[in-house]
Amino acid sequence: MYLFMAFSTFARIIASGFGSGYIPKSPGTMGSLAASVAWVVLAPLNLVQSILYILALGLIGYLASSHVMSVSEGGADHRITDPQWIVIDEWCGMWIALVCCPERSFLWVGLAFCLFRFFDICKIGPIGWAERAPGALGVMLDDVVAGSCAGVCLLGIHFLRG
């Protein structure tokens, strides 16, 4: 019983983006902002390490989100589908966008943030389709696709700049 409670608490910490999802105003934006700060502070310089970080975050985020979405809230017999406080998906999508930044400058990180939030909020094309996947897969997948779209835009901007 205590082990389950400890695991559930740990899963909530991960799913909430290490607490950033509990910020009352715009938790998705706050989660994305926290992810950007964490990336700048913690991200390795090596592309392979960065990709491994993103894959690990995505897998752990999926497992944590899946767990908290399947646990009955307050003893009730209902399941939560996509609560706003789950922002680990924003972390994963944001990190995908950030790995495409050609440099770690305020300008590029800010542009990655703006592009990611645009795609995440608008849910155009494949992002909206990904969101309709069931359970935690849909929660995570739409932000992975939004981060990928933002990353492609960043690489395109870098390419066009010469």
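Mentor: Let us take Ser36, which has a relative accessible area of 5%. Ser36 is buried because that value is under 20%. Please keep in mind that this is a predicted model.

Trainee: Which element does Ser36 lie in?

Mentor: Ser36 is part of helix 2.

Trainee: And what is Ser36 in contact with, leaving aside its neighbours within four places in sequence?

Mentor: Its contacts are then Met94, Leu98, Val109 and Phe113.

Trainee: How far apart are the end C-alpha atoms of helix 2, and what span should it have?

Mentor: Helix 2 covers residues 27-42, which is 16 residues, and at 1.5 Å a residue it should span 22 Å. The end C-alpha atoms are 21 Å apart, so the value agrees with the expectation.

Trainee: Let us turn to the core. How many residues does the largest nonpolar core have?

Mentor: That core has 40 residues, and those with the most contacts inside it are Ile86, Trp91, Trp95, Leu98 and Leu154. Two or more residues come from each of helix 1 (2-15), helix 2, helix 3, helix 4, helix 5, helix 6 (126-131) and helix 7.

Trainee: Which element gives the largest share of this core?

Mentor: Helix 4 does, with eight residues.

Trainee: What does Trp91 touch, not counting residues up to four places away in sequence?

Mentor: Trp91 then touches Gly17, Phe18, Ser20, Gly31, Ala34, Ala35, Ala38 and Leu57.

Trainee: What classes of residue does the lining have?

Mentor: There are nine charged, five nonpolar and three polar residues in the lining of the largest pocket.

Trainee: You mentioned Lys123. Where does Lys123 lie?

Mentor: Lys123 is in the loop between helix 5 and helix 6. With a relative accessible area of 22%, Lys123 is partly exposed. Its phi is near 55°, a positive value in a residue other than glycine.

Trainee: What about Ser26: what is its phi?

Mentor: Ser26 has a positive phi of about 50°, although Ser26 is not a glycine. Ser26 sits in the loop between helix 1 and helix 2, and it is partly exposed, with a relative accessible area of 45%.

Trainee: One last residue. Is Val68 buried or exposed?

Mentor: Val68 counts as buried, at 3% relative accessibility. Val68 is found in helix 3.

Trainee: What separates the C-alpha atoms of Val68 and Thr9?

Mentor: A distance of 9.1 Å separates them, while the two residues are 59 residues apart along the chain.

Note on methods: Residues are numbered from 1 along each chain as its sequence is written. This is a predicted model: local features need pLDDT of at least 70, side-chain atom pairs count only at pLDDT 80 or more; totals for chains, interfaces and linings use all residues. Side-chain values use heavy atoms; hydrogens and water are left out. Helices (H or I, at least four residues) and strands (E, at least two) are DSSP runs, numbered from the N terminus. The expected span of a helix is 1.5 Å times one less than its number of residues. Ala, Val, Leu, Ile, Met, Phe, Trp, Tyr, Cys and Pro count as nonpolar, Asp, Glu, Lys and Arg as charged, and the others, Gly among them, as polar. Buried means under 20% relative accessible area, exposed over 50%, partly exposed in between (1.4 Å probe, protein chains only). Contact means heavy atoms within 4.5 Å. A nonpolar core is a set of buried Ala, Val, Leu, Ile, Met, Phe, Trp, Tyr and Cys residues joined through side-chain atoms within 4.5 Å.
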